Each structure stands twice: as structure tokens, then as C-alpha cells.
Amino acid sequence: MSMLSYQHFPIYAIMLYFLGAFLIVLFGKNKIARHCLALLSVTGSLALLVSLVPRVMTGGEIITYWMGNRAYSGGYAIGIALEVDALSLFFALLVAVAVFVSGVYSIRYMEHDDNIPQYYTLFLMLAGGVMGLVLSGDLFNMFIMVEILTFAAVALTAFRNTARGALEAAFKYLVVGSIGSTCILAGTIMLYAQVHTLNFAQLSGLIPGHIHGATRVAFALLFVGFSTKAFLVPFHPLAADAHGAAPASVSVLISGVLTKSGIYGIIRLVYFLFQTMNLRPIQFMLVFVGSVSMFVCVTMALAQHDFKRLLAFHSISQIGYVLTAVGLSTALGISAGLYHAMNHTIFKGLLFLAAGAVLHETGTTDLDRLGGLSKRMPHTTVLFLIGAASISGIPPFNGFASKWLIYQAAYLRAVETGNIGYLLVTIIALVTSTLTLASFVKVSQSVFFGRLPDEFKDVKEVPFGMRLAMSLFAILCVLTGLLPELVTKVLTGPAAQAVLNPVRYIAAARGIEVPAETAALPQAVGAWSPINWLLLLGISLFAITLVALLGKYDRVSENASGEKIPAKYDLFFSGEKSVYSQVGGGDLFWGFKHNWRHYFSFMHDLHSGVVNDYALWAVVALALAIAFLQIVL
Amino acid sequence: MFTPAFFTTALLYLGYILIFPGFLFCFVVGLLLCGIDRKAVARMQKRVGPPILQPFYDFFKLCGKETIVPAAASRTTFMLAPLVGLAALVVIQLFIPVFNFRVFRNLPEVADMIVILYLLLIPAVSVMLGGAATGSPYAGIGLSREMVTVLAVELPLVMVLLSVAKAVGNELGTGLVFSLSGVVDYQAAHGSLIGHVSMIPAALAMLLIIPGETGNHPFDAAEAETEICEGLLAEYSGAPLGIYKLSHAVKMLTLTSLFVALFLGGIGTGVEHLVAAIGLTGGVAAALSLILQVLILVLLCIVLTLVTISFVHAVTARLKIEQLFKYYWTVVTGLALISLVLAWYGF
Amino acid sequence: MFKKLIEESTGKSPWLFHINAGSCNGCDIELVSVLTPRYDAERLGFKLSGTPRHADIVVVTGPVTQQSLNRVLRTIEQVPEPRCIVTMGSCPQSGNVFRGSYAIAGPLSKYVHVDVDVAGCTPKPEAVIDGLVKATEILREKRRAMK
Amino acid sequence: MDFPFVKEAISSLFQKSSCDMYPVKPSEAAPNYRGRIVFHPDKCINCMMCERVCSGNAITHTSEQTPEGERITRTFYLGSCTFCATCMDFCGHGAIEFTRDYHMIATKEEDLMVSGTFLKKPPVKKPKPAAPAAPKAEAKPAVAAGTVIKPRDDGKPVQVPSKCVYCTICAKKCPAGALTVDRAAKTWTLDEDSCVGCGTCAEACPKKAILMPGDEPVTVEAAAPAAPKAEAKPAPAAAPATIGREDGKPVQDPDKCVYCTICAKKCPAGALEVDRAAKTWKLDEDSCVACGTCESVCPKKAIVCGVQDAPAAPAPKAEEKPAAPAAAPVEAPKADEKPAEPLKPRDDGRPLQDPSKCVYCTICAKKCPVGALEVDRAAKTWKLDEDLCIGCGTCAASCPKQAILY
């Protein structure tokens with residue numbers, strides 16, 4: 001096995017991040033060296049993983065890599081293993097893409113901060129942690145990576161420690177994140193005590209037949225632990241604080257990458273380790289937690305006054321979609337869930353970068369203070385709108401493509417099982433999507449449209465580097481939205497099949513090739529061909545525009561003079577000289593909120609912001625999970 | 001690739017987009033529906049009312065007016081938003097089958113019901129963004145109300161569509177039918193869905209959804225001209241305003257013909273047999289039956305407009321936005337829910 | 001031909017915007033009564049619009065008080081061309097009984113070109129309709145004169 | 001949820017509309033509609049009453065001197081008119097007319113101008129013995145003693161020079177500004193053209209020196225300023241105890257006077273000076289015109305103008321206060337003497353005319369808010385529509401003659 005053999009690529013991908021992190025500690029004082037190192041490691045890692053796509057995704061190969069060549073022998077896998085199947089590679093690609101774009105963005109975004117070398121170190125540590133987690137074939141190594149990424153994320157949350165609330169957010173994250181990590185460690189220990197191995201594949205082979213009290217507790221511990229990483233309800237308040245305080249480029253990682261590690265862990269847990277997804281209660285647990293996260297967090301987002309906190313809650317809401325879809329345990333559902341996980345990384349990354357651009361130029365993300373930036377930052381506005389349309393599920397962007405699959409999967413599941421609960425889930429998913437649209441309309445109105453406050457008169461467009469990063473995400477948003485078949489075929493379909501075939505995963509660790517099932521890719525019942533639609537829209541838009549232009553549509557009268565706005569071009573303000581009055585912020589949809597006022601006031605009282613409460617929630621959630629699993633499993 | 005056949009097909013589809021059931025059809029029938037609505041409301045209020053062609057006059061007049069772009073507005077969004085909204089609506093119209101006539105007869109279907117549900121958001125979003133781009137505070141309030149209206153209408157509409165999908169799926173034994181063509185095909189073979197017990201509440205709910213989705217009185221809190229100066233359209237003038245008005249009219253056509261496709265799909269499909277019975281064959285028969293089907297569709301759309309939009313307009317006063325939301329999430333959702341449960345248990 | 005169509009339509013679809021410049025409400029009520037079933041000006045295409053941007057005809061009532069003067073002028077300015085200004089009742093034409101008051105800035109014609117005056121205190125709805133029809137004719141002329 | 005108009009909406013759909021179809025079908029204004037003004041210049045006498053009463057300043061005039069006389073153009077600007085018709089009411093000659101024409105649409109200001117031009121004859125008061133000036137000539141020189149001054153039959157006032165003190169009150173009260181009184185020159189001039197014959201001057205006259213139609217003729221006595229006030233006052237018998245001055249000027253009764261200054265305030269000539277603090281009451285003999293206003297306004301009856309009987313108990317009153325009731329009988333008959341005839345107000349709250357006092361000036365009819373009164377000046381009739389009357393009392397309050405009992 002030569003050094004350049006593809007089997008080495010996964011470990012290289014991880015090591016590039018860590019190597020970059022350490023080298024930046026050494027040479028990071030120099031700006032150019034720092035940037036070169038960072039870019040090299042993020043680009044290299046991405047390139048390595050992309051090169052694996054043909055083999056693992058379409059070829060169906062499972063790469064098993066033993067550190068130091070200490071391969072499986074004698075019935076026990078002692079060595080440190082990396083096992084890369086389609087699922088791992090799928091998540092690894094998400095990580096690599098998000099880290100790459102975020103890294104490109106960071107160059108200009110962080111230039112005014114202090115301690116930039118430390119930032120890059122932590123940034124790459126976080127990336128490496130997540131990458132290690134998703135590629136690892138070893139439960140204990142997963143825990144190690146969880147620890148690395150948690151502490152890197154805590155440090156990055158508090159990176160701008162002069163900002164209000166940064167340290168508080170980091171502290172909250174530290175406390176509850178540690179509870180989560182501890183749960184994972186405890187779960188790992190309990191499993192090890194039962195079956196005396198830490199290799200994931202081997203665990204997956206041994207546990208499913210031997211579930212008893214202790215393994216149930218381990219299951220609950222691991223589930224709660226990974227839920228903490230994904231910020232699922234009831235751990236959602238942490239995400240809001242962490243995202244609100246962290247730099248935008250870090251938010252991209254926290255929301256696009258870190259939460260995915262939680263989802264990855266849960267998928268590995270329920271589909272591989274315990275292989276319990278054929279059990280209705282476990283399906284119920286996932287779908288329930290997913291739906292509650294989906295709905296609660298979207299309503300929480302509607303009540304937010306801060307751009308980044310709003311995005312944070314949406315992040316969890318979208319993770320709720322993913323978990324719900326995964327919990328459906330059908331090929332279509334899993335494929336849709338993974339698709340949505342990918343899309344979420346892309347569009348949420350784009351939105352966080354847009355929020356970062358706003359913060360970079362205006363110094364605030366307060367929705368009540370911003371407004372009218374579209375005239376000053378047109379490119380950012382367009383990019384934000386693409387992201388907003390994606391997350392809100394507006395065709396033809398990627399959010400719609402995956403959500404549409406999720407609705408269908410949920411409804412089909414409802415019809416298959418005759419369970420009216422899944423019908424409810426479908427409706428919740430559809431309504432949540434509209435609520436998401438509502439809060440992004442709110443952001444558009446409050447930040448990019450509406451009136452420009454005087455204090456932001458001289459705001460400029462963000463530097464090209466940042467726009468480039470955002471454009472990358474935007475292009476991905478459009479591409480993955482327009483080519484759902486391709487995405488399903490190349491990325492999510494194989495990953496979904498990997499999820500449904502734990503046997504291959506288990507066997508691959510022992511070096512046994514189980515032929516890939518040639519099951520058909522999951523098919524949707526409905527019809528949606530975005531390219532055709534786009535073609536039609538394009539033609540009709542072109543035709544209408546042509547007619548309009550022939551009718552002198554563009555002959556508008558505009559304010560030609562510079563400073564002084566004549567009355568004609570002033571806003572109609574009931575005859576008054578228009579003064580600054582921005583309608584926006586958290587109370588924009590009071591017609592909705594009025595009808596839900598009891599719910600909102602309940603939620604408001606519940607989210608006290610006290611870390612003790614949140615720690616208590618974590619403990620209660622753990623207790624509930626243990627009790628539930630003891631009863632049903 | 002560039003064979004004569006390709007060009008013929010391309011021309012045919014261009015014709016679909018531009019003439020029927022695309023732009024020209026939408027323009028004429030939409031504005032006609034709007035005119036009939038205005039006339040009918042006037043008659044119900046014991047007035048004479050404007051001429052049926054009044055919306056056409058309004059549209060052409062607006063085309064001749066000056067278009068003022070406020071200094072605070074971002075021009076691109078301001079000018080582009082109406083066009084995108086209209087184009088999206090016209091495209092939706094292509095996806096709604098006219099009884100046996102379908103644009104995508106020989107091609108895979110482009111969009112199913114759920115997609116149409118979301119495509120219907122595009123015009124709403126475009127008007128919201130266009131309005132928001134002006135920076136007017138009235139538009140801000142209008143945007144808030146428009147969005148809440150969309151939220152309010154979306155839940156029952158989702159449930160109506162799901163119950164239709166389930167009901168047709170039940171009948172055909174395939175579980176679910178999301179495709180609109182499938183729904184219409186089923187109705188062509190087995191009679192209109194409105195005849196099913198389970199679909200009657202859904203049809204009622206859909207009737208109540210139509211004025212909400214189009215933003216007609218009494219659900220026009222978003223454009224209340226007496227209190228928030230037309231809301232989102234407060235700063236629009238001239239041709240873009242005309243296009244918004246046209247979009248509103250086309251939306252009436254889209255939703256009523258969606259209703260026809262969902263619940264009355266069986267009414268016009270017998271025409272082909274009728275034409276064949278007269279003894280006509282070939283192109284003439286096809287043309288005649290198409291014309292007849294279109295006429296029936298237009299007629300049904302007019303009737304639906306009268307019932308859902310004009311009549312409701314004439315007998316009610318505008319709802320406040322929170323009342324509107326409550327109304328849709330209780331009464332209309334309740335109706336849709338009954339239908340969904342009935343369809344679920346196979347009635 | 002298109003131009004002709006627009007011109008014809010302009011004469012058939014005049015939208016009103018009503019400005020109360022300190023009116024006693026008499027004219028305002030009569031203006032609204034023009035749209036009631038008895039007079040039903042919608043027959044002729046008249047429609048009250050909520051914002052000056054949509055309007056073709058601006059109807060001003062009231063004696064144009066000092067407080068309202070700038071607001072009236074600003075609002076009129078915001079109406080897109082072609083536009084027509086109609087004063088309704090005696091107040092905006094002269095100040096009527098308020099003439100000479102310290103609070104009155106009118107008459108309106110001191111500040112903008114008024115196209116049609118409808119006299120009366122308050123004018124009968126029929127007179128208002130007459131005036132609006134007259135204004136519509138002027139509107140059409142103005143549209144014809146446009147490029 | 002309640003939809004009250006469902007039935008109505010459906011039924012209206014199939015009914016004829018309730019529209020007037022105005023521009024297609026012409027519509028006529030209501031009978032009393034006050035629309036476009038028509039001005040009859042031939043009737044106008046340029047009394048300016050209309051211009052004075054117009055609240056919107058809509059009426060203006062221009063004049064130009066021509067050989068034939070003054071050419072006057074009177075213009076009504078409908079754009080400033082409130083159509084209150086006050087000008088029409090005040091026009092004694094019917095020169096202003098309100099029509100039912102409501103089509104007052106203008107694209108330029110001139111469209112709203114109604115004007116008329118006429119030639120004003122030179123002022124009739126100037127020594128120009130023209131035929132129509134005859135009645136005035138008759139009224140003016142009649143100052144000789146013994147002449148009987150009769151009220152004019154054209155409804156206009158006549159001065160009784162012997163009684164007149166030229167206090168100018170009548171001129172001040174004249175709504176038409178038709179009277180000119182010069183105190184110094186002792187002239188009393190009536191502008192025949194302006195006078196509308198309302199009788200306000202006679203009513204206002206404190207000396208009853210103006211006769212209106214229906215008044216008793218008065219014989220002028222040469223030097224009897226203290227002449228019996230023929231009409232009402234109790235006959236001044238030649239009582240031994242009289243108080244007051246011969247010349248009709250006021251005399252204060254210090255016992256009764258409380259120095260309230262009302263008399264001073266009301267004195268048209270400003271001849272009285274009352275100091276409340278110092279308790280002084282001074283009469284400026286030169287200024288006093290002996291009009292008697294002070295006597296009538298004094299709330300304490302502490303002023304006597306002209307020679308009068310001493311009250312029954314002037315002496316005892318000075319001594320003892322409880323004599324006050326004794327004054328009552330004096331007052332009582334005084335109060336009673338106004339309704340000379342036993343007319344009593346109606347008990348149903350509606351007005352009753354006192355034909356003896358009524359001058360048929362039509363003021364009551366104009367003021368009546370419900371139009372229940374019909375007064376014909378020429379035929380001297382006063383009719384009350386019992387059904388319309390709401391018993392508000394406006395007529396009684398407005399009557400300058402107190403001829404309405406209420």
C-alpha cells in the first residue's frame with residue numbers, strides 16, 4: 001500500500017486539519033503563511049475526500065483503514081480503525097465543503113480580530129474533530145473527537161470574548177456540552193463493559209442480539225449525548241447563545257458541521273449499533289424528537305430579534321427535519337433526510353455567512369436596528385435571498401427538493417403503516433416550512449429591505465473574498481436544488497443504502513466483501529423536475545420581460561439628483577416628509593403571534609437563560625430517555 | 001437534434017407558454033374573471049357596477065402611467081418582482097390540467113400538487129419582496145399581514161391537498177396520488193371527487209381558501225387600502241402596479257381552475273365522447289373538444305369566482321389579521337381535517 | 001394602436017385619491033356617497049385608491065390649512081403623471097368662510113395648477129360626478145399629450 | 001359567525017339596481033336646493049346688505065363713475081360661496097336668487113363668477129326734487145309744533161323729533177345701516193333705499209321717538225319735553241309730590257342706589273359717572289341726552305327721568321327697610337300694563353301672536369327652525385302651523401316687538 005494509495009486518504013483528510021492547526025501555532029504570526037496553511041489544509045482535505053466519491057459512493061466500496069496496520073485479528077479489533085462507507089464519506093464531504101468555504105470566508109472576515117493564529121488553530125481543530133468523528137470506526141475515538149470538537153467549539157464561541165454574552169454563551173455550552181460528552185463516555189464504557197470491544201463494526205455485530213438493561217441505559221446515554229451535539233430539543237437554547245456569540249464563520253461550522261456530527265452519531269447509533277429501527281417505539285422516538293425540534297425551534301425563531309440567534313433556531317428546526325426523515329426508516333426517508341442534512345449545511349452556511357457579512361459591515365445583527373441594506377450590499381442581498389429561499393423551501397432551490405422528499409416520505413410512511421401520527425408529522429413539516437418562510441421574510445424586511453437607518457448610510461459591500469465564499473454556497477444551493485436526481489444517485493442514495501445495510505459495514509471491518517445490493521434508488525411518488533420548471537419559468541419570464549420592455553416598462557422616473565430627495569421620490573408617508581420608520585424586528589407577525597400568545601409566553605417563561613435550568617433539562621431528558629428505552633426496548 | 005420535429009415541438013410548447021394555457025389565456029380569462037367579480041359584487045350591493053372589461057381598462061391605463069421609483073427603493077427588486085410573480089403564476093397555470101387537455105401529455109409531469117402548493121408561494125414572496133424593497137412603512141405592515149395570511153391559508157390548503165391525494169390513492173389502491181394529472185384522470189374515469197362524502201368538507205374548505213389565497217375581501221387585510229394604503233403596493237405605480245393587478249387576476253384563475261382540477265375534474269371530460277358521437281373525427285374533433293373543454297373550464301371558473309370571491313366579498317366586512325388567522329386555523333382547518341380523517345378511513 | 005388603447009383606457013379608469021386639507025367633512029362624505037349604490041361612480045370606472053401612487057385624479061377638500069399645506073403639496077407631487085387635480089367644494093377654491101383666517105394657506109390654486117373646480121358647499125354628488133367626468137376628459141388630453 | 005346580508009346579496013343580484021344612473025339620466029335638485037346664484041342687477045339698489053352679511057366674502061362690487069351715474073358691477077364668486085342664502089334673505093328687493101342648478105363645474109375661475117352690472121341713480125337724498133323722493137320730503141320738514149306725525153304706511157320708520165334725543169341708539173342698531181343720526185347737529189336721516197322696514201330702530205329707541213306702522217300718531221307739542229308718554233305710562237296726574245327733573249334728565253335716588261355702575265355702562269352718551277367705592281353718582285349735564293336708558297336699566301329703580309309721581313312711600317322707605325313690599329304694588333301694575341289686552345300665553349307651549357304689537361316683520365318666520373310660521377307682510381297675517389311647531393320659543397325670543405307670547 002503506497003503512501004498515495006486511496007486507503008490513506010481518510011486519515012490524510014483528518015490529519016491535514018490537525019497538521020494545519022499545529023503548524024499555524026508555529027508559523028501563524030506571518031499572515032501569508034497562516035493563510036496559505038489554512039487554505040492548504042482545507043482545500044487538500046476536500047480534494048482528498050472528493051477523489052474518494054467514485055469508489056465509495058458509486059462503487060460501493062467500504063474503506064477500512066487500520067492505524068499502524070493493526071488490523072482485525074483473532075476475533076477482536078484492537079487497533080484504531082477508520083471505516084469509511086458511503087454514510088461516513090457523505091458526512092465527511094459536508095464537513096470538508098463547509099470548512100473549505102468557511103475557511104475562505106474567514107480570511108477577510110477575521111482580518112480585524114486579534115489572535116488570528118489562535119482562531120485558525122481552533123477552527124481547524126474543530127474541523128478535524130468533526131472529520132475524525134465521522135470517519136472513525138471506533139466508538140472511543142468518536143468520544144475523543146467529540147471532546148476535541150466540543151472544546152474547540154467552546155473556545156471559538158468565546159473567541160470574541162469582548163462581545164456581550166460571549167463568555168456566558170461559552171460557559172453554557174461548556175456545561176451542557178460536557179454533560180453530553182460525559183453521556184457519550186459513560187455509554188461507551190457501559191458498552192465496553194458488556195462486549196469488550198470498541199470497534200464500531202464489531203459492536204454492531206455483537207449488540208443487536210444482546211440487548212438488556214445495561215445496554216438500554218447505554219443506548220439512552222449515547223442518544224442523549226449525540227442529541228446534545230445536534231442541539232435537539234431540549235438542548236436548543238445553547239445553540240442560540242453559541243451562534244449569537246461566535247464569529248459567523250464558526251457559526252457555519254457549528255450549525256453546518258457540528259450538529260451533523262450529532263445526527264451522524266444518532267444514525268450510527270440506531271441503525272448500526274443497536275439496529276433497532278425496525279422497532280416502532282424507536283421510530284417514534286426519533287420522529288417525535290425531530291418533529292418537536294422542528295416546530296418548537298421554528299416558533300422560537302419567529303420570536304427572535306437577532307439575526308444570528310434566529311438562524312441558530314432555524315438550524316435546529318432543520319435538524320429536526322433531518323431527524324424526522326431519518327426516523328421514518330424508509331429508504332426514501334433516509335435519503336431525504338440525508339439530502340436535507342446536506343442542504344442544511346449549504347444554505348445555513350450561506351445564511352450565516354450573510355449574517356456575518358452584515359455584522360462585518362454594520363457591527364450589529366440586531367433586527368430592530370438594521371434595515372434597507374439591499375441598496376448598499378446588493379450582492380449580499382441576492383446571496384442571502386437565495387439562502388432564504390432555500391431554507392424556506394421555495395422551488396427550485398435545494399431546500400425545497402429535500403423537504404419535498406421528506407413530505408412524501410412521511411406521508412407514504414403514514415399510508416404504509418396506517419399510522420395517523422405520521423400524517424400529523426407531514427402536516428407539521430409542511431407548516432414549519434411556511435413558518436420558516438415567514439421568519440426569513442422577516443429577516444429580509446428587517447435587514448435587507450425596508451428603510452436604511454442613517455447610521456448605516458455609509459455601509460459598503462463586503463470584500464470580494466467573503467462574497468466569493470458566499471457565492472460558492474449559493475451555487476451549491478442552486479445546483480443541488482436543480483439536480484435532485486443526480487444528488488440522490490451519487491450522494492444520498494448510496495448513503496441511504498449504506499444506512500440500510502449495516503451487514504456490509506460489519507463485514508467490511510473483517511475484510512469481507514459483501515456485494516452491494518442493487519436495490520433501486522428510492523423513488524419519489526410525486527413529480528418534480530426543477531430543470532424543466534426553471535426552463536418554463538425562464539421562457540415565460542423572458543417573454544413577459546420582452547413584452548414589458550417593448551411597452552417601455554423600463555422607462556421609469558427615478559430620482560436623478562443626489563442628496564436632496566424631491567417630494568416626488570420620497571416615500572408616501574400620508575403626506576408627511578418621510579422620516580425613518582422601519583417596520584420589522586421580532587414582532588412583525590403579530591397577527592400570528594397574537595393567536596399563539598399563550599404558547600409564546602409559555603416558551604418565553606421557559607427559556608430562562610439560566611444554565612442551571614438547561615443542565616436540569618439535560619438531566620431530565622436523560623432520565624426520560626432511559627425510562628422510555630427501558631420500557632419499550 | 002435540430003430536426004424539423006424539434007422545431008415543431010418547440011414552437012408548440014412556446015405556444016403553450018405564450019397563448020394557451022399560458023400568458024394570453026391567463027391575461028384574458030384572469031382579467032375577465034376579475035371584471036365579472038367586480039360586476040357581481042356591485043350587483044349584489046344593488047349597484048350597476050363597472051363594465052366587465054373594466055380590469056382591462058385599468059391594466060392598460062396603468063401601462064400608460066408614469067412609474068415612479070422611490071429614492072429609498074432598490075430599483076432592481078422593485079422592477080423585477082412583479083415580473084417574476086406573474087411568470088411564476090403563468091407557469092403554474094401550465095401545470096393545471098384542463099380536463100383531458102394537458103400541456104405535458106407526452107412528457108413526464110413537471111410538478112405535482114405539493115410542488116404547486118409551494119410554487120404558489122413564489123408570487124406571494126415576490127410581491128412581499130417587491131413591497132419590502134420600497135422601504136415604505138405601509139409596505140412593512142402589509143408584508144407582515146400578507147405573510148400571516150399566507151401562513152393562515154397554508155395549513156388548510158396543505159390538508160386539503162393531502163386529503164385529495166389520499167382519497168384518490170384509496171380509490172386507485174396505490175396509496176397516494178400526488179399528481180394532479182392523476183387526480184384528473186381518476187375523475188375522468190370515475191366521476192368528480194366532489195361526489196365523495198369525504199371530499200365535500202375539503203371542497204368547502206378550498207372554497208374558503210380561494211379568497212384568502214388571492215387576497216380578496218374579506219381576507220384582504222394585507223392590502224387594506226383604507227387603513228394601510230394598499231400595504232405592499234403602496235409605492236407601486238404605473239406598469240409594475242398593472243402587472244401586480246394582473247397577477248392578482250391570474251391568481252383568481254389559477255386557484256379556481258385548481259379547484260376545478262381537484263374536485264370537478266370529471267365535468268368536462270365527457271366532451272370528447274360527445275364530439276365523437278356527433279360524428280366528427282380527427283383534428284376537427286380534437287379542436288372542437290378542446291374548445292368546449294376550455295369553455296367549460298372558463299364557465300366553471302366564473303361560477304366559482306362568483307360563489308367564493310364575489311359572494312363572500314359582498315356579504316362580509318374585512319377581517320382583522322388576527323381574526324383572519326384564527327378563522328383559517330379553526331374553521332377552515334377544521335373542515336379540511338374532517339375531510340382528511342374521512343379520507344383516511346376510506347369514506 | 002397601443003397608444004390609442006392606453007388613451008381610451010385612461011378615460012375609462014380614473015382612480016381617485018382624496019386629500020382632506022382641513023375640510024369640515026361635508027365634502028368628504030359627499031365624495032364617498034358618490035360611490036354608494038345610488039350614484040355608483042364605479043360604473044364610470046372611478047375607484048378610491050389608498051395611496052397617491054395609484055391615483056389619476058386627486059380630489060382636494062377643505063380650505064388648505066397652514067398645517068396641511070405642505071402635506072397636500074407633497075402628496076400631489078407623489079401622484080404619477082398624467083394626473084389631474086380637482087378641488088371639491090368652495091373651501092379649496094377660495095377658503096370660503098375661513099378666508100382670511102390666520103390658519104388658512106389656501107386657496108390651492110396659489111400653489112398648484114388646479115384642473116377642475118367643483119363649486120358648492122358641499123357640491124351635490126351629481127355635481128361631483130360631473131366634475132370627475134370633466135377631470136377624466138382632461139386626463140385623457142394629458143395622456144394624449146404625453147410621449 | 002353571522003352573515004346578515006346573505007339573503008339581501010342574493011336577492012339584490014336579481015333586482016334592479018338602485019342607481020340613479022346620473023350622467024345618463026339627468027337629475028334635478030330638490031325644490032329648495034340652493035344652487036347657482038342668479039343676480040338681478042335691475043332690482044339691486046346697492047344697499048350692500050348682501051356683501052355685509054356674506055360670511056364667505058363671496059360678494060364683491062366694483063364701481064365706476066359715469067355721466068349717467070355710478071356703474072356698479074356686483075360679482076358673486078361661487079367658489080367662495082357657502083350657499084347659506086343669507087344674502088338672499090337680506091336682500092329687500094329680491095335681487096339675489098338661488099336656483100336649483102348644481103352644475104358648477106369650472107376649469108377656470110371665471111366659470112364660477114356670477115355678476116351683474118347696473119347703473120345706480122344718484123343718491124336720492126341730495127337736493128334733487130325727483131318724484132320718487134316725495135315721501136321723504138314730507139317726513140323731514142314736519143317739525144312744526146302741532147303737526148301730527150303719523151306712521152308711514154310703507155313700513156319704514158318715522159322720527160318724532162319732539163321726543164328724539166339723538167342718542168344714536170337707533171342708528172347703531174339698524175341692521176341695514178340706513179339711519180344716520182348726528183348728535184351735535186340734531187339730525188336724524190333715513191336712507192330710504194337701505195331701510196328694510198324691520199322696526200329694530202323703533203324697538204331700540206328708549207324714547208319711543210320712532211313710529212312704525214301701527215303706532216299711534218303723535219302730535220308734536222311745542223315745548224313739552226315732558227309730554228305725556230302717550231302710550232303706556234300711567235297718567236301722570238298732577239300730583240303734589242313729584243320727583244324728577246323737568247328736562248327729562250335722570251335724577252338719582254341715593255337711598256335706593258347701590259352704585260352698581262350699570263347705568264353708567266349702559267348710557268349711550270357716556271354721561272354718567274359712577275364710582276362704586278366713593279359712592280358717587282355724577283351726571284354730565286351736557287352729554288346727557290335724556291334718553292332714559294339709565295332709568296330703564298337700573299335694577300333698583302333708583303333713577304327717575306322726567307317728572308314723575310313720587311312713589312307711594314318715598315318717605316317711609318327712607319326710614320324703614322320692611323317697606324319694600326309696599327313697592328311691590330307699584331311694580332306689579334307696571335308689569336301688568338304691557339299686555340294691555342288680556343292675552344295669555346298658551347299653555348301648550350306654542351307661541352301666540354299679539355296682533356296689537358305685531359308689525360309683521362317676518363323675523364319670527366325666518367327664525368323658526370321648523371318653518372312653522374308663515375307671516376305675510378302685505379296681508380298682515382300671522383299663521384302658525386300647529387303641527388309643525390315644536391314649541392321652542394325661538395320666535396318669541398327673536399321678535400323685536402315682544403309681540404309673541406310664549
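Which elements of chain C have the lowest and the highest mean pLDDT? I start there since the model on the screen is a predicted one, in which local features need a pLDDT of at least 70, side-chain atom pairs count only at pLDDT 80 or more, and totals for chains, interfaces and linings use all residues. Residues are numbered from 1 along each chain as its sequence is written, while chains are lettered from A and ligands numbered from 1 in the order in which they are written.

The pLDDT is the predictor's confidence in each residue, on a scale from 0 to 100. Among the elements of chain C, helix α1 (residues 2-10) has the lowest mean, 82, and strand β3 (residues 57-61) has the highest, 90. For chain C the average is 86, and 99% of the residues score at least 70. When I say helix or strand, I mean a DSSP run, H or I with at least four residues for helices and E with at least two for strands, numbered from the N terminus.

Let us stay with chain C and look at its strands, where two strands count as paired if DSSP finds at least two bridges between them. An open sheet of six strands, with mixed pairing, runs in the order β2(C)-β1(C)-β3(C)-β4(C)-β5(C)-β5(D). At its edges are β2 (47-48) of chain C and β5 (105-106) of chain D, each of which pairs on one side only. Strand β1 (residues 15-20) of chain C is parallel to β2(C) and joined to it by two bridges, and the bridge partner of C:Trp15 in β2(C) is C:Lys47.

Now to chain D, where the domain assignment, which is automatic or comes from a database, gives domain 1 (37-120), domain 2 (131-219), domain 3 (237-310) and domain 4 (352-405). The C-alpha centres of domain 1 and domain 4 of chain D lie 29 Å apart.

Please turn next to strand β15 (residues 272-275) of chain D. I call a residue buried if 20 or more other C-beta atoms lie within 10 Å of its own, exposed if 12 or fewer do, and partly exposed in between, with C-beta atoms placed from the backbone. Four bridges join β15(D) to strand β16 (residues 280-283) of chain D, and the two run antiparallel; D:Val274 has D:Trp281 as its bridge partner in β16(D). The two strands form a hairpin with four residues between them, and D:Lys279 in the turn has a positive phi of about 55°.

Strand β1 (residues 63-66) of chain A shows another arrangement, with A:Ile63 and A:Tyr65 on one side and A:Thr64 and A:Trp66 on the other, all of them buried. This strand runs antiparallel to β2 (residues 81-84) of chain A, with four bridges between them, and A:Thr64 stands opposite A:Glu83.

Why is helix α9 (residues 236-245) of chain A described as largely enclosed by the rest of the structure? The reason is that 10 of its 10 residues are buried. Its cover includes α5 (139-157), α6 (166-195) and α10 (248-273) of chain A, among other helices.

How do the chains meet? Two residues are in contact if their C-beta atoms, placed from the backbone, lie within 7 Å. Of the five pairs of chains in contact, chains A and B share the most contacts, with 66 residues from chain A and 71 from chain B. On the side of chain A that touches chain B, the largest share, 13 residues, comes from α16(A).

Finally, the nonpolar cores, each a set of buried Ala, Val, Leu, Ile, Met, Phe, Trp, Tyr and Cys residues joined through C-beta atoms within 7 Å. The largest has 394 residues, and among those touching the most other members are A:Leu350 and B:Met206. Helix α7 (residues 137-172) of chain B gives the most to this core, 21 residues. A second, separate core of 129 residues includes C:Phe98 and D:Cys91.
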